[in-house]
Amino acid sequence: MDKFLEEKKQSLLLHWKTGRTIMDDRLLAAFEATPREKFILKKDSYNAYGDYPLSIPCKQTISQPTTVMLMLQALEIAEGMNILEVGAGSGYQAALLSKMTGASGLVITIEYFRELADFAESNLKKSECTNVNVIQGDGGLGFEAEAPYDRIIVACACPSVPPPLLEQLKTGGIMVIPTKKRMYEDMQVIKKTAAGVKTESIGGFTFVPLRGKYV
Ligand code: SAH
């Protein structure tokens, strides 16, 4: 990798470690091993490790690295998990999920726009992620064929939690989902237990909107 990009990447890692923002070592290793520059437009290559969102086709965005890392940390991923992502976009977050769950796990990522589903699929292929299936469709409906899921992560702003997603989450599972408030999105971490659903918030973020049935 380009020396400039490598330095920027290392400085992000140092920032998270020293600030104790990200303390999951497997997640930090997955970030280090994943080439974000392969998931963005060529013209933005030099911004690959800036801590801000970037444009991708269909007027969508790839989230800023810190947002992706905070969401993935809240998911508490272990090897071998069955994970559903709503909003494949560039495929970058799916690539991190793929590393976290490993060869014995599976990642299903759903993308609403065909052009982006193809973009994500080709980026994931270039990065040799073989345990990820990209599906074009409405992720608000989940993906029944591989349900139930250990973890569900939603990468677009939802007015409320789409019911199929909660249904397709295992008991003992965790879902991370940005839900709309007036000025921002509240990042909800939902834990489904035998005794019911527990929700906590990890802060305010901004996302592109969910499309499809549950808007
Ligand atoms: N995880 C992505 C971020 C993508 S931004 C990445 O790492 O690059 C959110 C994505 O959600 C956009 O690509 C948008 O098209 C998609 N999206 C919006 N509504 C959706 C829906 N109902 N089903 C699937 N994807 C949806």
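A polar side-chain atom of Asp138 lies 2.8 Å from a nitrogen atom of the ligand. The model is predicted. In it, the protein buries 99% of the 580 Å² that the ligand exposes when taken alone. The ligand sits in the largest pocket.

- Gly139 brings a backbone N or O atom to 2.7 Å from a nitrogen atom of the ligand.
- Arg211 also uses its backbone: a polar atom there is 2.7 Å from a ligand nitrogen.

**The shell around the ligand**
- The shell counts 25 residues, of which Ser90, Glu111, Asp138, Gly139 and Arg211 come nearest.
- By class, 13 residues of the shell are nonpolar, eight are polar and four are charged.
- Two or more shell residues come from each of strand 2 (60–62), strand 3 (82–86), helix 4 (92–101) and strand 4 (106–111).
- Strand 2 gives the largest share, three residues.

**Asn82**
- Asn82 belongs to strand 3, one of the elements that give two or more residues to the ligand shell.
- Asn82 has a relative accessible area of 15%, so it counts as buried, the cut-off being under 20%.
- A polar atom of the Asn82 side chain lies 2.9 Å from the backbone oxygen of Glu146.
- The Asn82 side chain also reaches the backbone oxygen of Pro148, at 3.0 Å.

Key
Residues numbered from 1 in each chain as written. Predicted model: local features only at pLDDT ≥ 70, side-chain atom pairs only at ≥ 80, totals over all residues. Heavy atoms only, no water. Near = heavy atom within 4 Å. Polar contact = N/O pair within 3.5 Å; in protein donor to acceptor, adjacent residues only side chain to side chain. Areas by Shrake-Rupley, 256 points an atom, 1.4 Å probe, with all protein chains shown as cover. 1 Å grid on protein atoms, 1.4 Å probe; cavity = no way out; pocket = protein on both sides within 12 Å on 5 of 7 lines; lining within 4 Å. Sits in = over half its atoms within 2 Å of the grid points. Helix = DSSP H or I, 4+ residues; strand = E, 2+ residues; numbered from the N terminus. Nonpolar A, V, L, I, M, F, W, Y, C, P; charged D, E, K, R; others polar. Buried < 20%, exposed > 50% of the residue type's maximum accessible area, 1.4 Å probe, protein only.
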